[in-house]
Amino acid sequence: MDNKRRRKEAKAFTNDSEEVSSIEWELIQMTDQEEDLIYRMYRLVGDRWGIIAGRIPGRKPEEIERFWIMRHREGFEEKRKSSNAS
């Protein structure tokens, strides 16, 4: 029983990621082909970002999800407009 508790405690402390406010995110640039694939895969599998990322070489699930959020959430309209004007 003591070994199980130690493993659970070890798992609880292995999450070293820092939370970053989504306001601070930089827009993720995707090629037209990547965007098309993301949209098509999203229609098929929903928000299963790992599956979608598995179809796009060099992309991580977190990148795909961040791209999707920034593309579809209202709070990012200004960033989208400023990046399109550049």
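## The buried side of helix H4

In this predicted model, helix H4 buries Ile 64, Phe 67, Trp 68, Ile 69 and Met 70. The helix has 12 residues and spans 17 Å from its first C-alpha to its last, close to the 16 Å expected at 1.5 Å a residue. An α-helix has 3.6 residues a turn, so residues three or four places apart point the same way.

## Aromatic rings around Trp 68

How many aromatic pairs does a search of the whole structure find? There are 4 of them. One of these joins Tyr 39 and Trp 68 in a tilted arrangement, with 5.2 Å centre to centre and 55° between the planes. Tyr 39 sits in helix H2 (residues 32–45) and Trp 68 in helix H4 (residues 61–72), so this pair ties together parts that are 29 residues apart in sequence. Tyr 39 itself is partly exposed, at 26% relative accessibility.

Tyr 42 also pairs with Trp 68, and here the rings are stacked: the distance is 4.0 Å centre to centre, with 25° between the planes. Since Tyr 42 belongs to helix H2 and Trp 68 to helix H4, the pair ties together parts that are 26 residues apart in sequence. With a relative accessible area of 28%, Tyr 42 is partly exposed. Ring pairs bring Tyr 39, Tyr 42, Trp 49 and Trp 68 together as a cluster.

Leaving aside neighbours within four places in sequence, Ile 52 is in contact with Ile 38, Met 41, Tyr 42, Val 45, Gly 46 and Ile 64.

Is Glu 34 buried or exposed? At 14% relative accessibility, Glu 34 counts as buried. This residue lies in helix H2, and apart from neighbours within four places in sequence, Glu 34 is in contact with Gln 29, Ile 56 and Arg 59.

Glu 35 is found in helix H2 as well, and is buried with a relative accessible area of 15%. With neighbours within four places in sequence set aside, the contacts of Glu 35 are Met 30, Phe 67 and Arg 71. The C-alpha atoms of Glu 35 and Trp 68 are 9.4 Å apart, although 33 residues separate the two along the chain.

## The whole chain

Stepping back, the protein chain has 5 helices and 0 strands, and from the N terminus on its elements run α-α-α-α-α. Of its 86 residues, 23% are buried.

Among contacts in the protein chain with a separation of 6 or more, 51% are between residues 24 or more positions apart. The accessible surface of the chain comes to about 7300 Å², and carbon and sulfur atoms account for 47% of that area.

How values were computed
Residues are numbered from 1 along each chain as its sequence is written. This is a predicted model: local features need pLDDT of at least 70, side-chain atom pairs count only at pLDDT 80 or more; totals for chains, interfaces and linings use all residues. Side-chain values use heavy atoms; hydrogens and water are left out. Rings of Phe, Tyr and Trp (its six-membered ring) pair if their centres lie within 6.5 Å; planes under 30 degrees apart count as stacked, over 60 as edge-to-face and the rest as tilted. Helices (H or I, at least four residues) and strands (E, at least two) are DSSP runs, numbered from the N terminus. Buried means under 20% relative accessible area, exposed over 50%, partly exposed in between (1.4 Å probe, protein chains only). Contact means heavy atoms within 4.5 Å. The expected span of a helix is 1.5 Å times one less than its number of residues. Accessible areas come from the Shrake-Rupley method with a 1.4 Å probe; for residues, only the protein chains shown count as cover.
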